[in-house]
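Please consult the sequence and the structure shown below while reading.

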Amino acid sequence: MMFMKRKAIKERNYRRKQTEIYAVASAGRGLGATHLAVSIQSFFSSVKMQRSALVELSGHGEIRGLLNEEEAAEQNAVISGPVCGFTYLGADFFPDIRKSDLPFIKALDYEVIILDLGLITGTYALETARDIARDRLFITGSVSPWKYQEYRELMRCIINERPWLLESGISAFSAALPDIDRFRREFSIRLRIIPYIKDPFCLSNTDIEAISAFLGENKSPF
């Protein structure tokens with residue numbers, strides 16, 4: 001009887017715990033938002049052993065695009081009322097979700113929800129970004145020479161029109177040290193460097209350390 005009472009209290013406390021929400025947006029198409037979102041999802045589901053879901057709000061359907069034919073065959077359908085998704089390697093994925101579906105997904109008692117917002121300049125992305133705590137939104141991009149102008153235009157827009165986004169984690173990949181220094185001199189902002197991860201669905205020990213540091217789970221500098 002005492003065991004059952006403790007279990008009931010534990011379950012009530014679990015349900016009261018607020019879901020952690022992480023969001024990833026991108027400065028442009030093909031600049032790593034979905035790749036990073038899946039990597040974060042894998043970290044929480046397989047390493048932290050937390051019940052998590054990745055929700056794609058970008059409308060691009062890129063989550064399924066990261067799976068090859070063999071991996072796609074291993075998916076299990078998840079149908080929760082009006083929202084459909086799939087489970088892969090113990091994690092839940094909801095591709096092509098509308099913003100109006102978010103309350104329903106939040107009610108499913110996930111410990112962590114990762115949002116793939118797509119382009120930060122999109123309406124859904126900006127509206128949703130406002131709801132995300134300052135250290136849980138990451139904007140991806142590249143400050144490499146052939147992408148620098150794209151990132152510069154975004155940063156100028158943020159500084160002039162949406163300064164609240166500066167409180168988020170501005171991130172970059174494929175960035176050489178001179179490009180990073182150039183960005184810091186121009187905008188006085190420190191970039192988080194996105195670690196290279198070959199397979200975001202299956203993290204190596206090195207990937208786990210890199211993602212842990214990127215999210216601030218340890219003291220490793222990135």
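The model is a predicted one.

## Helix α7

Helix α7 comprises residues 148–161. At 1.5 Å a residue, its 14 residues should span 20 Å. The C-alpha atoms at its ends are 20 Å apart, which agrees with that expectation.

The buried residues of α7 are Y148, Y151, R152, L154, M155 and I158. Because they cover an arc of only 165° around the axis, they lie on the same side of α7. These buried residues pack against β7 (137–140), β8 (169–172) and α8 (177–187). On the other side of α7, the residues E153, N160 and E161 are exposed.

## Residue R152

R152 is located in helix α7. Its relative accessible area is 18%, and R152 is therefore buried, since the cut-off for a buried residue is under 20%.

Which residues does R152 contact, leaving aside its neighbours within four places in sequence? R152 is in contact with R182, E186 and F187.

## Helices α2 and α9

Two packed helices are described by the angle between their axes and the distance between the axes. The axes of α2 (residues 33–47) and α9 (residues 205–214) come within 10 Å and cross at roughly 105°.

From α2, the contact involves L36, S39, F43 and V47, while α9 contributes I208, I211, S212 and F214. Classified by type, this contact has 6 nonpolar, 2 polar and no charged residues.

How values were computed. Residues numbered from 1 in each chain as written. Predicted model: local features only at pLDDT ≥ 70, side-chain atom pairs only at ≥ 80, totals over all residues. Heavy atoms only, no water. Helix = DSSP H or I, 4+ residues; strand = E, 2+ residues; numbered from the N terminus. Buried < 20%, exposed > 50% of the residue type's maximum accessible area, 1.4 Å probe, protein only. Contact = heavy atoms within 4.5 Å. Expected span 1.5 Å × (residues − 1). Arc of directions from axis to C-beta. Axes fitted to C-alpha atoms, helices over the stretch in contact; angles between N-to-C directions. Nonpolar A, V, L, I, M, F, W, Y, C, P; charged D, E, K, R; others polar.
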